[in-house]
Amino acid sequence: MSQSVSNHESRTSLADYRTALTTRAARRPAVASVLARLPIAMIGISALLYVQRETGSFAVAGLVSAGSLVGVSVGAVVQGRLIDRFGPTRPLLTVSLLLALSMSALVAAIETHAATAVLVALGALTGLTEPMVGSASRALWGRLLPPGGPRNAAFSYEAISMEVFFILGPGVAGLLVMAPWAGTGLVLGVALQFTGAVLFALSPAVRAWGPSAESHGSLLGALASPGMRTLAVAALGFGVVIGFVEVAVPAAATEAGQASVGGLLLSAWSLSSVAFGVAYSLRPWPRQLGLRLPVLLGGFGALVALLAWPSSLWGLALMMLLAGALITPQSTAHSTTIEVVAPSGTAAEAFGWVLTAVTLGLAAGQSISGYVVEHAGPGVAFLAASVAGLALAFVVWLLRGTVRSGAPQPVSALVNA
């Protein structure tokens, strides 16, 4: 195994976290990124519950949510490629304005009970214009920090912070949907995301990230790398499993007569994800990235099967805590693998492809889960999620040899900023 791969598989210490988070140039974009990414889970669940409240159908809500995720999957790659080419500032400012306009149109359509096709189309448009601050933030760490422990810690921080947002988001969404106006959570989330994206785009370290002189001839861009394609399959499986669960859990809560608890239940597995994610970053396993991807995805799929067992919401919450232990380790492994397999100069686009794979998986999982829930119940949806996760983990295991070192991305002079 190459030295580059070995470096990426080294353990991360608590001191590395301190080094990464106290880097002077990273402070302002890190804070702005938190504000922009904080409502990500809140927006998705708020939209799902808002549409379900107005239409009375989980199937319609699942389709609208899936449409939004398909839009995100396209926007992630397009924005990532633009960010790599021109720097993040102009693309992020442009899509932030478009997000405000498209979300306003979606809310108007929901309130006027527009046709399902219109809701799905507007959902896709809002997803397409969601600012990809997460991709830019992850790529920025590669420009601010040299390869090694602090950079790996920064990637772990990104994954762990996202799980904190997923702890807060569903719970807040579940509470706000009970407000006098069910769209409160959706509008509040978009306002936070818009503000954070603009502040991130205008921070000095981000504005110093100028246009790239590198040119990549392949239309696939970062995905031209075989290792990136393997990573995309792993990310797809990750999204499929979560997509099934994100519809089945609120449905189980509704079936039990406790609809408002659905969002809180989804927060449960993020609690264990954060706690286990920190411990896992200090001692990752398996050591080889090529094995880490299928093992983590397969384990996740197996644990999700346990969600079909409990007969009470308390039991479901306990199983959610157990299954959530492997969420953050997978997100961290995805970020670490990008450093190994992505071609030089494609960092933002590479993160965009991972997000695209995850969101396509979410869209597939949510749309299928909505159908399964209405025709067979939440328990069957949990089992279907497990089977899908295990099947895709097997595919990733067959492709494990493609995850090997690629050309490292050069470190920007911003590291000394």
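Buried means under 20% relative accessible area, exposed means over 50%, and partly exposed is in between (1.4 Å probe, protein chains only). Helices (H or I, at least four residues) are DSSP runs, numbered from the N terminus.

Before going on, a word on what you're looking at: this is a predicted model, where local features need pLDDT of at least 70, side-chain atom pairs count only at pLDDT 80 or more, and totals for chains, interfaces and linings use all residues. Residues are numbered from 1 along each chain as its sequence is written, and side-chain values use heavy atoms, with hydrogens and water left out.

Now zoom in on Phe-300. Which residues does Phe-300 touch, not counting residues up to four places away in sequence? They are Phe-238, Val-241, Ile-242, Trp-269, Ala-323, Leu-326, Ile-327 and Gln-330, where contact means heavy atoms within 4.5 Å. Take Ala-323 from that list: Ala-323 sits in helix H15 (residues 313–323) and is buried, with a relative accessible area of 0%. Leaving out residues up to four places away in sequence, Ala-323 touches Trp-269, Phe-300, Leu-303 and Val-304. For a sense of scale, Ala-323 and Pro-88 are 235 residues apart in sequence and 35 Å apart in space, C-alpha to C-alpha.

Next, see how helices pack. Two packed helices are described by the angle between their axes and the distance between the axes. Axes are lines fitted to C-alpha atoms, for helices over the stretch in contact, and angles run from 0 to 180 degrees between N-to-C directions. Helix H14 (residues 289–304) and helix H18 (residues 378–398) pack at about 165°, with their axes 7 Å apart. That makes H14 roughly antiparallel to H18 (angles under 35 degrees count as roughly parallel, over 145 as roughly antiparallel, 65 to 115 as roughly perpendicular and the rest as oblique). Residues making the contact include Leu-297, Gly-298 and Gly-301 of H14 and Ala-385, Gly-389 and Ala-393 of H18. H14 passes H18 in a left-handed crossing, a label used if the near helix is turned anticlockwise from the far one by less than a right angle (right-handed if clockwise).

Pro-284 is found in the loop between helix H13 (262–282) and H14, and at 8% relative accessibility Pro-284 counts as buried. The C-alpha atoms of Pro-284 and Ala-333 are separated by 9.0 Å, although these residues are 49 residues apart along the chain. Pro-286 is in the loop between H13 and H14 too, and the peptide bond from Trp-285 to Pro-286 is cis, with omega near -5°.

Let's jump to helix H3 (residues 27–37). Its buried residues are Pro-29, Ala-30, Ala-32, Ser-33, Ala-36 and Arg-37. Seen down the axis of H3, these fall within an arc of 170°, so they line one face of the helix; the arc is that of the directions from the helix axis to the C-beta atoms. On the other side of H3, Arg-28 and Val-31 are exposed. Why can a helix have faces at all? An α-helix has 3.6 residues a turn, so residues three or four places apart point the same way.

H3 also has a partner: H3 and helix H10 (residues 184–202) pack at an angle of about 160°, with their axes 7 Å apart. That makes H3 roughly antiparallel to H10. Among the contact residues are Pro-29, Ala-32 and Ala-36 of H3 and Gly-196, Ala-197 and Phe-200 of H10. Arg-37 leads us on to Glu-158, which touches Arg-37, Ser-137, Arg-138 and Trp-141, not counting residues up to four places away in sequence. Glu-158 lies in helix H9 (residues 149–176) and is buried, with a relative accessible area of 1%.

Finally, visit helix H4 (residues 40–55) and helix H6 (residues 89–111), whose axes come within 10 Å and cross at roughly 25°. That makes H4 roughly parallel to H6. Past H6, His-113 lies in the loop between H6 and helix H7 (116–128). Phi of His-113 is near 55°, a positive value in a residue other than glycine. Is His-113 buried or exposed? At 52% relative accessibility, His-113 counts as exposed.

Note on methods
Helix = DSSP H or I, 4+ residues; strand = E, 2+ residues; numbered from the N terminus.
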